[in-house]
Amino acid sequence: MDLDEHTVEGRFTSGCRNGFHISPASSSSSQYCAMACTVPIWFKLNIDSSSFGNPGLAVAGGIIRDSAGHVHLAYQFALGTRTSVLAELTAVWRGMELALTHGLAPLVVELLVADVQHVFREANGAADHLAKEAASLQLTRVLHHDDITGVLRGILCLDRQVVPHLRRG
C-alpha cells in the first residue's frame, strides 16, 4: 500500500486525539477504516447484534469507551429468540441502561445498521467480537475494565492506536 495512492483525511476534535479516517483515492473496492471520534464526546457506545434465523437465536454485545478510547464497560447478552431488529434495539437499550446506571454520560451511540450513526463492521471490531462470543458461548454478562482480557483486549488496543482495518467490498 502506497500512501500516495490513498487519501488521508484527518479529523481532530476536542476530546478526541488521533482520530482519522483513511480511504482509497481510487475507485477500488477496498477501504481502510478505523475507530475514530466524530464529535467531541465523553463516552461512546458501540453495539452489535445478530439473529440467526430471523427470527432465531439472538445475541448482542457492546462496549462503552471514553473520548480517549479507554474502556469503561463491555457487555454481551444471549437474548433468546428474536428478530434482528429487536436484537439491535435490545443491544442499544441495554447499553444505554448500563451507561446510565454507571454514570457514563453524555453518550454517543454507534450501530452497524441504523440511522443514528453508521460504522463499518471492521471499525466496530470490539462490539462485533462481543456479539459473536455471546452467540458461540450463549453468554450474558457485563465486563468492567479489569475483566477484559485476551482477544478483546487486543482489539481495543488496536482501536486506541487508531490502526486502520482493511474493508473488502
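Q: In what order do the five strands of the open sheet stand, and what is the pairing?
A: In this predicted model, five strands make up an open sheet with the order 7-4-5-6-8, and their pairing is mixed. From one strand to the next, the twist averages 15°.

Q: Which strands stand at the edges of the sheet?
A: Strand 7 and strand 8 (141–144) do; each has a single partner strand, so one side of each has no neighbour in the sheet.

Q: How does strand 4 pair with strand 5, and how with strand 7?
A: Strand 4 and strand 5 are antiparallel, with ten bridges between them. Strand 4 and strand 7 (residues 107–110) run parallel and are joined by four bridges. Leu 45 stands opposite Ile 64 in strand 5, while Asn 46 stands opposite Glu 110 in strand 7.

Q: How many residues lie between strand 4 and strand 5 in their hairpin?
A: Three residues lie between them, and Gly 53 in the turn has a positive phi of about 125°.

Q: Is strand 4 mostly covered or mostly uncovered?
A: As a general idea, in a regular strand the side chains alternate between the two faces of the sheet. Strand 4 is mostly covered, with eight of its ten residues buried.

Q: Which residues of the largest nonpolar core touch the most other members?
A: The general idea is that in soluble globular proteins, nonpolar side chains tend to be buried together. Here the largest nonpolar core has 18 residues, and those touching the most other members are Leu 45, Ile 47, Ile 64, Tyr 75, Leu 79 and Leu 104. At least two residues of this core come from each of strand 4 (43–52), strand 5 (56–66), strand 6 (71–82) and helix 1 (84–101). Helix 1 gives the most, with five residues. Another core, of ten residues, lies apart from it and includes Val 71, Ala 126, Ile 148 and Ile 155.

Q: How many aromatic pairs does a search of the whole structure find?
A: The search finds one. Tyr 75 and Phe 77 form this pair, with 5.5 Å centre to centre and 45° between the planes.

Q: Are Tyr 75 and Phe 77 buried or exposed?
A: Tyr 75 counts as buried because its relative accessibility is 0%, under the 20% cut-off. Phe 77 is also buried, at a relative accessible area of 9%.

Q: Which residue lies over the face of Phe 77?
A: Arg 94 does, at 4.3 Å from the ring centre.

How values were computed:
Residues are numbered from 1 along each chain as its sequence is written. This is a predicted model: local features need pLDDT of at least 70, side-chain atom pairs count only at pLDDT 80 or more; totals for chains, interfaces and linings use all residues. Side-chain values use heavy atoms; hydrogens and water are left out. A nonpolar core is a set of buried Ala, Val, Leu, Ile, Met, Phe, Trp, Tyr and Cys residues joined through side-chain atoms within 4.5 Å. Buried means under 20% relative accessible area, exposed over 50%, partly exposed in between (1.4 Å probe, protein chains only). Rings of Phe, Tyr and Trp (its six-membered ring) pair if their centres lie within 6.5 Å; planes under 30 degrees apart count as stacked, over 60 as edge-to-face and the rest as tilted. A charge sits over a ring if NZ of Lys or CZ of Arg is within 6 Å of the ring centre and within 35 degrees of the ring normal. Two strands pair if DSSP finds at least two bridges between them. Axes are lines fitted to C-alpha atoms, for helices over the stretch in contact, and angles run from 0 to 180 degrees between N-to-C directions.
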